[in-house]
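Subject: Structure for your review

Dear colleague,

Please find below the structure that I am handing over to you.

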Amino acid sequence: MEASSSQHSQTSRNALIPVVLLMGVGSVVCSFAISNYWGMTLAIIALLISQFALRNVSRTVWFWCVTLASTGFAIGLLALLMRVFVDVLGASVFPGP
C-alpha cells in the first residue's frame, strides 16, 4: 500500500517538472517582452514550486528549474530598476514646468 502511495507522489512530482520549466521560460519571455511584473511573478511561483514540491527529483532537473526561474526574476528586476533609474534621472535632468 505504501509503495503505491510513494509511486503516486513521485509521479505527481514528475508531472510538475514540465510545468515549472515552462513557467521559468515564460518568466524570461515575460520579463523581456510583456511585463517585468508578470515575469517576476511567474519566476517567484516557479521558484516556490521548485523549492517545496520538487524535492526528490534529480539535481540536474532541479538546477535547470531554479536557473530558469532565477534568470527570469533577475531580468524582470533589472528592467524594473532600470525603468526607475531612467525616470528619476529624466526628472532631475529635464524638470517639468
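**Findings**

Cys 65 counts as buried, at 0% relative accessibility; buried here means under 20% relative accessible area, exposed means over 50%, and partly exposed lies in between (1.4 Å probe, protein chains only). Please note that this is a predicted model, in which local features need pLDDT of at least 70 and side-chain atom pairs count only at pLDDT 80 or more, while totals for chains, interfaces and linings use all residues. Residues are numbered from 1 along each chain as its sequence is written, and side-chain values use heavy atoms, with hydrogens and water left out.

The chain has three helices and zero strands, where helices (H or I, at least four residues) and strands (E, at least two) are DSSP runs numbered from the N terminus. In order from the N terminus, the elements read α-α-α. Of the 97 residues in the chain, 25% are buried. The chain exposes about 6,700 Å², and carbon and sulfur atoms supply 73% of that area; accessible areas come from the Shrake-Rupley method with a 1.4 Å probe, and for residues only the protein chains shown count as cover. Among contacts (heavy atoms within 4.5 Å) between residues at least 6 apart in sequence, 68% join residues at least 24 apart.

Helix H1 (residues 2-34) contains Val 28. With a relative accessible area of 17%, Val 28 is buried. Leaving out residues up to four places away in sequence, Val 28 touches Leu 68, Thr 71, Gly 72 and Ile 75. Val 28 and Gly 72 lie 44 residues apart in sequence, yet 4.0 Å separates them in space, C-alpha to C-alpha.

Ile 17 also belongs to helix H1 and is buried, with a relative accessible area of 16%. Apart from neighbours within four places in sequence, the contacts of Ile 17 are Leu 54, Val 57, Val 61 and Cys 65. The C-alpha atoms of Ile 17 and Val 61 are 7.7 Å apart, for a separation of 44 residues along the chain.

In helix H2 (residues 36-52) one finds Leu 42, which counts as partly exposed at 23% relative accessibility. Setting aside neighbours within four places in sequence, Leu 42 is in contact with Met 23, Gly 26, Ser 27 and Cys 30. Between Leu 42 and Gly 26, 16 residues apart in sequence, the C-alpha distance is 7.2 Å. Cys 30 is itself buried, with a relative accessible area of 13%. A search of the whole structure for disulfides (a pair of cysteine sulfur atoms within 2.5 Å) finds zero.

Rings of Phe, Tyr and Trp (its six-membered ring) pair if their centres lie within 6.5 Å; planes under 30 degrees apart count as stacked, over 60 as edge-to-face and the rest as tilted. By this rule there is one aromatic pair. The rings of Phe 63 and Trp 64 have centres 6.5 Å apart and planes at 75°, so the pair is edge-to-face. Trp 64 is partly exposed, with a relative accessible area of 48%.

Finally, Phe 85 is found in helix H3 (residues 59-93) and is exposed, with a relative accessible area of 55%. Together with Met 82, Val 86 and Leu 89, Phe 85 forms a nonpolar surface patch of about 430 Å² of accessible area. Patches are made of residues with over 30% relative accessible area and no salt bridge, with like charges joined within 9 Å and nonpolar side chains (Val, Leu, Ile, Met, Phe, Trp, Tyr) within 5 Å; a salt bridge is a side-chain nitrogen of Lys or Arg within 4 Å of a carboxyl oxygen of Asp or Glu.

Yours sincerely
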